[in-house]
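Reader: Could you walk me through reading a model like this one, feature by feature? I'd like the general idea first and then the case at hand.

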Amino acid sequence: MQIESIEIKNYRLFRDTKLQNIPRLCVLVGANGTGKSTLFDVFSFLKDALAMNVGKAVSKRGGYKELASRGFADQPIELTLQFRLEITGYERLVTYILRIEPDATGRAVVAREVLRYKRGANGKPFHFLDFANGRGYAITNEEDFSKVDEALLREEQELDAPDILAIKGLGQFERFKAASAFRVMIENWHISDFHVSDARPSQEDGFAEHLSTRGDNLPLVANYLFEHHRPAFDRILEAMRQRVPGVSVVEPRQTEDGRLVLRFQDGSFKDPFIARHVSDGTIKMFAYLVLLNDPKPYPLLAVEEPENQLYPELLPQLAEEFRDYARRGGQV
């Protein structure tokens, strides 16, 4: 799956903005205050809205008046995403439209939610999911492209509340192909807000398969890869040897009191040293390599300010790692 365009209306400083022809590896460069973080927050908002609901996702950002563009809190927020998706053997350009507005009490609700794509090479896109204020329909036999529109089966549904996304409920069922695939895609987005200080402390013995948003479970994930996905862990070590001068070995070790620590071996030193003595750039590069070599790849990686704490000469190396991830089918 690949996002090809994003249209944002009335979302903070994005009064009416559209990004088109988005490649698999996309780098955004701009001065402070030009909207880079806001764009990433759009991805985070959709993930929060799916995990919780729209009302809570809006409240998390200070309420509707704070989220809408300044001076336009009386108008709806609208997000439109277009992405490529294979449905029953056919690659389709799917459009997802989400319009949010406050109700009479000021609570944010889903005023309209549409999932559509063309059934053939010609003609207008067909709405396979269409909801407004918690009520609507979805097509249950959308794979039957040979049927005329009247023969498609519409299933009327009413959600528990008007601030719940229809793709959250209907996307649980395989018969709603596009809704299910889009839900899975959003659930598996990774929006990185990595903090070196959080990744440094050793942790109590535990279990974690995937790196958290802030990277605070890095030792646990490293240990998981070391024990259960050794080829992936070995790829990370090899990349560290190639990308970071001096680093020859990285391994997770369990202390006597049950904590996990990362130990680094530098070619200049006889004994390895633990993560709290390693440079910020080394820790961050290791965390990104863990992220990029996850056994279950993320369909979308959004990494904000990856250059922070990295030695400038490491940036091209990191860019190559991102490029390789995109070539393998992900989107960065």
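Reader: Where does His-190 lie?

Author: His-190 is part of strand β9, residues 190–192. Keep in mind that this is a predicted model.

Reader: Is His-190 buried or exposed?

Author: The idea is to compare the relative accessible area with a cut-off: buried means under 20%. His-190 has 5%, so it counts as buried.

Reader: And which residues is His-190 in contact with, leaving aside its neighbours within four places in sequence?

Author: For contacts, you look for heavy atoms within 4.5 Å. His-190 touches Leu-211, Ser-212 and Thr-213, and also Leu-291, Tyr-298, Leu-300, Leu-301 and Ala-302. There's a C-alpha distance to look at as well: Lys-47 sits 143 residues away from His-190 along the chain, yet their C-alpha atoms are separated by 9.4 Å.

Reader: How many residues of α9 are buried?

Author: 12 of the 13 are, so α9 is largely enclosed by the rest of the structure. Among the buried ones are Lys-284, Met-285, Phe-286 and Tyr-288. Leu-291 is on the buried list too, and you've met it already as a contact of His-190.

Reader: What does the length check give for α1?

Author: Helix α1 has 16 residues, 36–51, and reaches 23 Å from first C-alpha to last, close to the 22 Å expected. As for cover, 12 of the 16 residues of α1 are buried, making it mostly covered.

Reader: How do α7 and α8 pack?

Author: Look at the angle between the axes and the distance separating them. Helix α7 (residues 218–228) and helix α8 (residues 230–243) meet at about 120°, and their axes are 6 Å apart. α7 and α8 are therefore oblique to each other. Sorted by type, the contact residues come to 5 nonpolar, 1 polar and 1 charged.

Reader: How many residues of α7 are buried?

Author: 8 of its 11 residues are buried, so α7 is largely enclosed by the rest of the structure. The buried set includes Leu-218, Pro-219, Asn-223 and Tyr-224.

Reader: What about loops? Which phi value does Arg-12 have?

Author: Arg-12 has phi near 50°, a positive value in a residue other than glycine. Arg-12 sits in the loop between β1 (2–11) and β2 (14–19), and it is partly exposed, at 29% relative accessible area. Asn-21 also has a positive phi, near 55°. Asn-21 belongs to the loop between β2 and α1, and at 72% relative accessibility it counts as exposed.

Reader: And where is Gly-206 found?

Author: Gly-206 is in the loop between β10 (203–204) and α7. At 38% relative accessibility, Gly-206 counts as partly exposed. Pro-219 is 13 residues from Gly-206 in sequence, with 9.7 Å from C-alpha to C-alpha.

Reader: Zooming out, what does the secondary structure of the protein chain come to?

Author: The protein chain has 10 helices and 14 strands. Of its 332 residues, 48% count as buried. The chain exposes about 16500 Å², with carbon and sulfur atoms supplying 47% of that. Among contacts with a separation of 6 or more, 51% join residues 24 or more positions apart.

Note on methods:
Residues are numbered from 1 along each chain as its sequence is written. This is a predicted model: local features need pLDDT of at least 70, side-chain atom pairs count only at pLDDT 80 or more; totals for chains, interfaces and linings use all residues. Side-chain values use heavy atoms; hydrogens and water are left out. Buried means under 20% relative accessible area, exposed over 50%, partly exposed in between (1.4 Å probe, protein chains only). Helices (H or I, at least four residues) and strands (E, at least two) are DSSP runs, numbered from the N terminus. The expected span of a helix is 1.5 Å times one less than its number of residues. Axes are lines fitted to C-alpha atoms, for helices over the stretch in contact, and angles run from 0 to 180 degrees between N-to-C directions. Angles under 35 degrees count as roughly parallel, over 145 as roughly antiparallel, 65 to 115 as roughly perpendicular and the rest as oblique. Ala, Val, Leu, Ile, Met, Phe, Trp, Tyr, Cys and Pro count as nonpolar, Asp, Glu, Lys and Arg as charged, and the others, Gly among them, as polar. Accessible areas come from the Shrake-Rupley method with a 1.4 Å probe; for residues, only the protein chains shown count as cover.
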